[in-house]
Amino acid sequence: MTYPKVNLLHRSEQRHQGAVSRRFILISAIITPVLLIAGLSAIKLLQYTGVRAELKASRAIWDDLEPQLKLYKEENKGVSANLRMMALFSGWDDS
């Protein structure tokens with residue numbers, strides 16, 4: 001003879017018999033990707049601010065060096081013209 005089963009525990013008082021409850025699995029399945037995305041976003045934000053600072057410093061260096069580069073190019077034109085003249089003179093000298 002089977003006796004009727006009487007459940008005296010309320011649904012919220014019942015415990016899960018497994019190692020991890022379904023509620024914990026559900027919450028962790030929702031929270032883990034959110035935390036992962038937030039962590040990656042924070043890392044990328046830090047990298048972005050570092051790159052921006054490096055870019056700003058590089059632009060400041062470039063602003064200092066650009067006039068010197070223009071001066072070098074102008075002087076290099078003069079030097080190459082002088083070298084051509086010297087080659088021409090040495091050619092005349094050899095002939």
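Visitor: Is Phe89 buried, partly exposed or exposed?
Guide: This is a predicted model. In it, Phe89 has 41% relative accessibility, so Phe89 counts as partly exposed.

Visitor: And Trp92, buried or exposed?
Guide: Trp92 counts as exposed, because its relative accessibility is 55% and the cut-off for exposed is over 50%.

Visitor: Where do Phe89 and Trp92 lie?
Guide: Both are in helix α1, which covers residues 22-94. Phe89 and Trp92 are 3 residues apart there, about one turn of the helix.

Visitor: How many aromatic pairs are there?
Guide: The count is 1 aromatic pair. The rings are those of Phe89 and Trp92, with centres 5.7 Å apart and planes at 55 degrees, so the pair is tilted.

Visitor: Why give both a distance and an angle?
Guide: Because a pair of aromatic rings is described by the distance of the centres and the angle of the planes.

Visitor: Changing topic. How many helices and strands does the protein have?
Guide: There is 1 helix, and there are 0 strands. The radius of gyration is 39 Å, well over the 12 Å from the globule rule for 95 residues, so the protein is more spread out than a compact globule.

Visitor: What does the C-alpha trace span?
Guide: About 130 × 30 × 10 Å along the principal axes.

Visitor: What share of the residues counts as buried?
Guide: Of the 95 residues, 0%. The accessible surface is about 9700 Å², and carbon and sulfur atoms account for 64% of that surface.

Visitor: How many side chains are positive and how many negative?
Guide: 13 are positive and 9 are negative. The centres of the two sets are 29 Å apart.

Terms used:
Residues numbered from 1 in each chain as written. Predicted model: local features only at pLDDT ≥ 70, side-chain atom pairs only at ≥ 80, totals over all residues. Heavy atoms only, no water. Phe/Tyr/Trp six-rings, centres within 6.5 Å; stacked < 30°, edge-to-face > 60°. Helix = DSSP H or I, 4+ residues; strand = E, 2+ residues; numbered from the N terminus. Buried < 20%, exposed > 50% of the residue type's maximum accessible area, 1.4 Å probe, protein only. Rg over C-alpha atoms; globule rule 2.2 N^0.38 Å. Areas by Shrake-Rupley, 256 points an atom, 1.4 Å probe, with all protein chains shown as cover. Lys, Arg positive; Asp, Glu negative; His and termini not counted. Charge placed at Lys NZ, Arg CZ, Asp CG, Glu CD.
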